[in-house]
Each structure stands twice: as C-alpha cells, then as structure tokens.
Amino acid sequence: MQHDHPSAERAQPVAKSGDADVRIAGVAHTYAVVDGPVLSGIDLTIAPGSVVALIGRSGSGKSTLLHIIAGLIRPTDGAVRIGGQAVQGPSPRWVMMFQAPSLFPWMSVAQNAGLGLRYAGQKDGAAERVADVLDLVDLASFADRNVQDLSGGQQQRVALARSLAPSPDVLLLDEPFSALDMFTRQSMQTDVRAIAKRLGLTMILVTHDVSEAVLMADRAVFLKSGAGVIAGDTDINLDDRARNADDPTFDAELARLNEIYTGLQTA
Amino acid sequence: MTASADLSGARVLPALGRYRGLMNAVIGMSLLVFLWWLGGRAVANNPDMFAFASFAPGPTLSRLWVMITSGEVWDMTLPSLYRVGLGMLIAAVIGVPMGILIGRVAQLREITNIPFQFLRMISPLSWMPIAVMAFDTWDGAIIFLIAVAAIWPILFATAAGVRRIDAAWIKVARNLGANPWHMLTTVILPAVATDILTGIRLALGVAWVVLVPAEYLGVTSGLGYAINDARDTLEYDRLSATVVVIGVIGFALDTLCQKAIGRLNWNRTSE
C-alpha cells in the first residue's frame, strides 16, 4: 500500500490526485426487472493509493458494484464514501473507464481528453492539463487528430487520458482492456498500473481474468456468482518488476489466486 | 491498329474519367432542353395551340435574360425566399427541440406518434382556408403553410437521429459530470447535426413545392404570384422563364444543404 508519496512526484502537474480511501458499507442492490439481489451486504474498505481487483464471473454483481461506487447506480441499500465524501452521483473525483472507449467522433483527440474539464467549467490551465495527460498516455503528438484515425489501443489510451484529466482521486476500470488484442492489452495493463502508482490514484478494477488482477492489483476481492457476496479477499504481494508472465513468482501468485477462484465456483 | 494508338487511347481515357460526372450532367441537361424544344415545335405547328408557342426554349431563355438584366428576377424571388426562410426557421425552431424530446422520451414518442402521423399526412395546402382565416396578412398565412409543410421532415429526422445515438456516449458524458446543457451541446446536437440537416433538406424540398400554390393566395409578390400574373397577361414566355427560375433556385438551395451535410458529417465510414 502506498500511503507515502515522494513530494517531488506530487509536485508534478499531473500528480494532483490521490489520498482517498473507498469505504463501502452494507451495500446491497436489487434490479427492478431481476428476481433476487445481485449484491447483498457488501462491506469493503480500500486503502488510498492501492489497486484492488474485483474478480468474478458474469452475473457476480462486480460490474454493478463498480457502477455503485462510481455513482452511476444508486444502491438499494448501504452507502459508499470516497475520501470521507458520500457518493451521491458521478463526480470528477471518481471517474469510471468503460470497456469501450466511446470517444466522440466529432471531436479531436484533445477535445475528447478535455471533456471532464469542460463539464467542470475549468478553463484556466485546461489546455496544459490536456497536454499533460496526453503526454502521460504517450499520445502527445495525436492531440489534433480525428479519433476515428486511431487504433483500438490508442482510442482506449485517449479514454484513459479523458478519465485522468479531471485529476480524480479514484479511477474505476470496468474491464477496459478486454476488447483489445493481447499485446496491446498487456502494455496497457502495465502502463495503467504505473500511471496509477505515479499519480497516487486509488484504483478499482473489475475483471474475470485472474492474470489481469495479478498483473495490476495489490489486492484481489472475489465476488461469488449468484449470491452477490464477497467470498474471498487476499493481498497480492508482488514486486512491480515481477509483474510479468515470465517471472516465476508471478506464476506462483497466479496459481494461488486461480486456486481460490476455482474453489469459490465449486464450493 | 498499332500498339502506339492503343497506348494513346489508354492515356486519354483516365483524363476523360475525371470529367465523366460533368459530361453526364451536360448530356442530361441537353436532353431536357431538347425535349422542351421538341414540345415547343409541336405546339407551334399545332393550329389549335400555336398561341402558346412562346413556351419554347428560345423565347423563354431570351425573356429570362431580359428579366435577369432588368432585376425582375430578384424582385420576384426575394419575397419568396423571405417567406420560405421564415417558414423554415419556424419549423426548425419547433421541430428540432420536439424531435429531440420525442427521440429521448419513449412515453412522449408513444403519445405523439399517432397524432403526428395523422397530421403529417394532411396536405399542407388543405390548411389554406384555415390559414387565411387565422392570419391577418397573406404573408402570415403563406409562412404558416410553409412551416406546417416543413416541420414534419425536420421533426421526424431529428427524432430518428436522437434514437440512434450510442447510449455509451451518454453514459460517458454522465460519468464525467455533464449537466443536461452539456449533454445537449456536446453529445446530442453534434451527434444528430447531419440528421437535422437531412430533415431540413427534405423540408426545403417540400416547402419550395408548397410555396408556389401558397403564393396564388392574395399576395402581389413572389414566384407563385409571378406565374399567375403571367398567365393572366398571356405572357407565356415570362411564365416559363419563371418556372425556370423556380427550378434553378430550388436546385441551388438543395445543393447548399448537401454541402452543409457533407461538412457536418463526422462519420468517416459513410464518406
């Protein structure tokens, strides 16, 4: 867990985020059109600056939980607090990144990246901020390009820049790399973790891919299909250098998590 | 035939291909004028109809030239453009917001569907007696008729465009903290701009058709009035010259709309 950030890092223009914990208390949710709860009695505290993976099969309610944290769905019961502030709806302090980049094709790369700042009415320094986040995702030279000319991976990088521009404390990822090819996906997984660590972001990642969790997360929380409850919770103690598929400690950690995951499904 | 002749022929052909569209347009126009000329000949040779001989291209085009140089064309066109412009503006000011609401709110769509389909099918000209009673001025009545004709294509095209908006765009905007005004100006309007313009283009076609009979009403200006007036004074060359003016301006307005649509279209794949 990264509670302490070097002050030199925090002085950087893009490194304004961080220092927000996420407290989920008694969250339960039932959709009007579905019988039975998708989530029940979820209690979870996530330390500031840590990366947590929510792992579960489809129907485990992991995506619903992420939408609740983002303020995009109001839970039937319970509450979420981010950095002490109750989540009542979407906010530039907690931003979700979706599976599809869904960039606006009538806007340039820079305009897309600056959307959150525009909505927040932030004009001062907005252009510099957009340039900074595009630089962060290695797309500085693409600022004036049409988003339709970009590859899928580049588009998802623009979506990442768009999420980072409002300097959120918490970044929520809803399987954002699952539509990408394997090589692009791996580089995005590594880069996003590095960026989150550099900015001191708290990050919550929804995935059904255990290896993605081992690559990116400090902690894995397993949701059980059908029940909508937390059925497993473990820290992933890996050095960042070991977070690649060639490292033996990575393989051991992957095997350990896979065992927990399969155990949950059969139990 | 020699090989070199073949080669030079092959070299000329791509150059011709570049002008193919223009050439075909010229061929089409020539064909139309030729048919017009044939009709004029037939009328002139018919003892029962020779009084209408000045409908032919020759008298028409020379009269058109006189009308252009004397400024008569502008005098009769400007009032018509004013009426169509104002009618279209009213139709857009009502049609676009209504279209957006109907596209976004399913309940509103269901409530308005049958009444609007019913109203849409009524010929705008059948409102004429009501328009004449309801408005103090002839101009007001004509503008009303044009607005009634133009509103439906704009409204339905806008609503259809709004329904096709990618729900993920709305979600992304909401997630980034967009308020309803942001949603309208950064998502909905840019997303449906070409749909709105396509509706306006269709509406303009209808409005331009409705204009002429509407101007048969009491007004003493405009293209429709000019046609009626030429008939009453038996100046058939002036009548057919006015018909040419109506066609040319209608075509020009449609071309302008098409250019605007091409400019606003953000979709690369449909180009």
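Let me start with strand β8 of chain A, residues 202-207: 6 of its 6 residues are buried, so the strand is largely enclosed by the rest of the structure. Buried here means 20 or more other C-beta atoms within 10 Å of a residue's own; exposed means 12 or fewer, partly exposed is in between, and the C-beta atoms are placed from the backbone. Strands and helices are DSSP runs numbered from the N terminus, with E over at least two residues for strands and H or I over at least four for helices.

Before going on, this is a predicted model, in which local features need pLDDT of at least 70 and side-chain atom pairs count only at pLDDT 80 or more, while totals for chains, interfaces and linings use all residues. Residues are numbered from 1 along each chain as its sequence is written, and chains are lettered from A and ligands numbered from 1 in the order in which they are written.

Back to β8(A). In a regular strand the side chains alternate between the two faces of the sheet. T202(A), I204(A) and V206(A) point one way, M203(A), L205(A) and T207(A) point the other way, and all are buried.

Which strands pair with β8(A)? Strand β3 of chain A, residues 51-55, pairs with β8(A) in the parallel sense over 5 bridges, and β7(A) also pairs with β8(A) in the parallel sense over 5 bridges. Pairing requires at least two bridges found by DSSP between two strands.

L173(A) counts as buried because 25 other C-beta atoms lie within 10 Å. Leaving out residues up to four places away in sequence, L173(A) touches M97(A), M203(A), L205(A) and V206(A). Contact means C-beta atoms, placed from the backbone, within 7 Å. L173(A) and Q99(A) are 74 residues apart in sequence, yet 8.0 Å apart in space, C-alpha to C-alpha.

Now the core. A nonpolar core is a set of buried Ala, Val, Leu, Ile, Met, Phe, Trp, Tyr and Cys residues joined through C-beta atoms within 7 Å. The largest one has 131 residues, and I69(A), L172(A) and I146(B) touch the most other members. Helix α7 of chain B, residues 138-163, provides the largest share of this core, 19 residues. As for I69(A), its contacts beyond four places in sequence are V22(A), I24(A), V80(A), V87(A), W94(A), L172(A) and I204(A).

There is also an open sheet in chain A, with 4 strands in the order β2-β1-β4-β5 and antiparallel pairing. Its edge strands, each pairing on one side only, are β2 (39-46) and β5 (85-86). Strand β4 of chain A, residues 77-82, pairs with β5(A) over 2 bridges in the antiparallel sense, and R81(A) stands opposite A86(A) there. Helix α2 of chain A, residues 62-70, lies across β1 (22-29), β2 and β4, and runs at about 125° to β1(A). That angle is on a 0 to 180 degrees scale between N-to-C directions, with axes fitted to C-alpha atoms, for helices over the stretch in contact.

On to domains, whose bounds come from an automatic or database domain assignment. Chain A has domain 1 (19-93 + 170-267) and domain 2 (103-167), with C-alpha centres 25 Å apart. Between these two domains of chain A, 9 residues of domain 1 are in contact with 9 residues of domain 2. Helix α7 of chain A, residues 182-199, gives the most to the domain 1 side, with 4 residues. In chain B, domain 1 is 3-55 and domain 2 is 60-264, and their C-alpha centres lie 33 Å apart.

The contact between the chains takes 18 residues from chain A and 14 residues from chain B. On the chain A side, α4(A) gives the largest share, 3 residues.

Most residues other than glycine have a negative phi. D138(A) has a positive phi near 65° and sits in the loop between α5 (126-136) and α6 (152-164) of chain A. E175(A) has a positive phi of about 40°, in the loop between β7 (170-174) and α7 of chain A. E175(A) counts as partly exposed because it has 18 C-beta neighbours inside 10 Å.
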